[in-house]
Amino acid sequence: MNTTDRERPIESDAPLLEVRGLTIDAPSAGGTTRLVDGVDLAVSAGERVALVGESGSGKSVTARALMRLDPNLTISGSVRLGGTEILDRTEKELNEIRGSRIGMVFQDPMSALDPLQTIGAQVSEPLRLRGVRKKDALRRAAAVLDELGVAQATTRLRAYPHEFSGGMRQRVVLAMALVGEPNLLIADEPTTALDVRVQQQVLRLLDRVTTERGLGLLLITHDLGVVAGIADRVAVMYSGRVVEVRDVTPMFASPEHPYSRGLLAAVPRLDVRRRVMTTIAGTPPSLSARPAGCTFHPRCPVALPQCADDAPETTAIPGGTVDCHLSAQRVSVR
């Protein structure tokens with residue numbers, strides 16, 4: 001990568017985040033295991049995109065790969081931030097991007113915080129690493145905590161994580177992600193292990209700060225209720241692949257991929273009485289032994305013969321795209 005490419009500013013006509021053909025391999029006893037296989041994804045400035053799927057589908061590892069947080073993984077493809085490739089950046093250059101252009105909210109606020117460091121030290125750390133004086137960094141940390149609803153923020157800079165409730169710890173983690181004024185916020189299961197009331201508070205907070213700051217948001221979640229309340233678009237992930245990308249309204253009104261339909265059908269509803277919860281038959285495949293063809297076909301209730309042999313191509317549909325042979329047939333008939 002040449003100097004001109006490194007210094008190029010964010011292009012207004014490019015997506016804030018553009019991921020193309022992202023593959024992630026992990027070392028294993030047999031050589032390598034492909035965790036993520038050819039993911040395409042985009043987030044525009046001010047847009048909220050949710051990446052959803054069952055546990056183990058590859059959501060979190062994809063999010064972490066965008067910031068290259070796992071050095072033992074082999075990552076290929078393209079990740080462009082504001083039109084500039086970042087996968088080939090040096091570690092020093094990545095440290096300048098992390099926090100200042102991309103902020104990340106990790107899913108477990110207790111494990112994301114150092115129990116031996118004060119709140120002030122941890123929230124101000126992204127600024128201190130960039131050479132900001134301690135006094136100024138702490139002042140900025142207090143301002144962000146105050147913005148996020150932490151009472152007596154200046155005083156509480158001296159507190160430790162165990163002195164905060166779960167909801168307050170999540171606000172601290174969010175403050176750590178926002179203090180460097182990033183363009184893109186990645187939130188990995190930000191409501192995990194929180195009760196329903198606190199979940200609502202955290203989601204309202206995310207809604208407000210992303211709107212006020214004009215941030216792009218990539219939300220990693222398995223909770224479709226969360227998606228309905230905050231996302232503009234939804235990317236559905238299965239076994240390391242994105243199988244459907246839709247605007248949120250058509251996704252919930254008429255999901256196209258059988259896996260998407262199964263996920264939505266499994267969501268409990270107050271307006272429908274059920275004796276037995278709806279589930280998706282079978283279990284997700286092992287990442288080291290994915291089936292040929294469409295990886296979902298062994299669990300799919302409407303699989304075609306070709307699904308067992310041929311991987312579906314991406315088909316354009318109203319409000320997005322889908323990777324499904326049946327959908328491709330319907331589109332060709334129209």
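1. The model is a predicted one.

2. What does R233 pair with? Its side chain meets that of E47 in a salt bridge, at 2.6 Å from N to O. R233 lies in strand β9 (residues 233-238), while E47 sits in the loop between β2 (31-43) and β3 (48-52). The pair therefore ties together parts that are 186 residues apart in sequence. E47 is buried as well, with a relative accessible area of 14%.

3. R299 and E54 make another salt bridge; their closest N and O atoms are 3.1 Å apart. R299 belongs to the loop between α12 (258-265) and β11 (314-317), and E54 to the loop between β3 and α2 (59-66). These parts are 245 residues apart in sequence, and the pair ties them together. R299 counts as buried, at 8% relative accessibility.

4. Is D25 buried or exposed? D25 is buried, with a relative accessible area of 13%. The side chain of D25 meets that of R34 in a salt bridge of 2.8 Å, N to O. R34 counts as partly exposed, at 32% relative accessibility.

5. D25, R34, D37 and R241 are linked in a network of salt bridges. In total, the structure holds 18 salt bridges. As background, side chains of opposite charge can pair when their charged atoms come close.

6. Now the nonpolar side. In soluble globular proteins, nonpolar side chains tend to be buried together. The largest nonpolar core in this model has 35 residues. Those with the most contacts inside this core are V123, L145, L148, L174, L178 and L185.

7. Which elements build this core? At least two residues each come from α5 (119-128), α6 (134-147), α8 (166-178), β7 (184-188), α9 (196-213), β8 (216-221) and α10 (224-230). Helix α8 gives the most, with seven residues.

8. L148 deserves a look of its own. Leaving aside residues up to four places away in sequence, L148 touches R171, L174, A175, L178, L205, R208 and V209.

9. Another core lies apart from the largest one. This other core has 34 residues, among them L17, L66, L87 and V242.

Notes:
Residues are numbered from 1 along each chain as its sequence is written. This is a predicted model: local features need pLDDT of at least 70, side-chain atom pairs count only at pLDDT 80 or more; totals for chains, interfaces and linings use all residues. Side-chain values use heavy atoms; hydrogens and water are left out. A salt bridge is a side-chain nitrogen of Lys or Arg within 4 Å of a carboxyl oxygen of Asp or Glu. Buried means under 20% relative accessible area, exposed over 50%, partly exposed in between (1.4 Å probe, protein chains only). Helices (H or I, at least four residues) and strands (E, at least two) are DSSP runs, numbered from the N terminus. A nonpolar core is a set of buried Ala, Val, Leu, Ile, Met, Phe, Trp, Tyr and Cys residues joined through side-chain atoms within 4.5 Å. Contact means heavy atoms within 4.5 Å.
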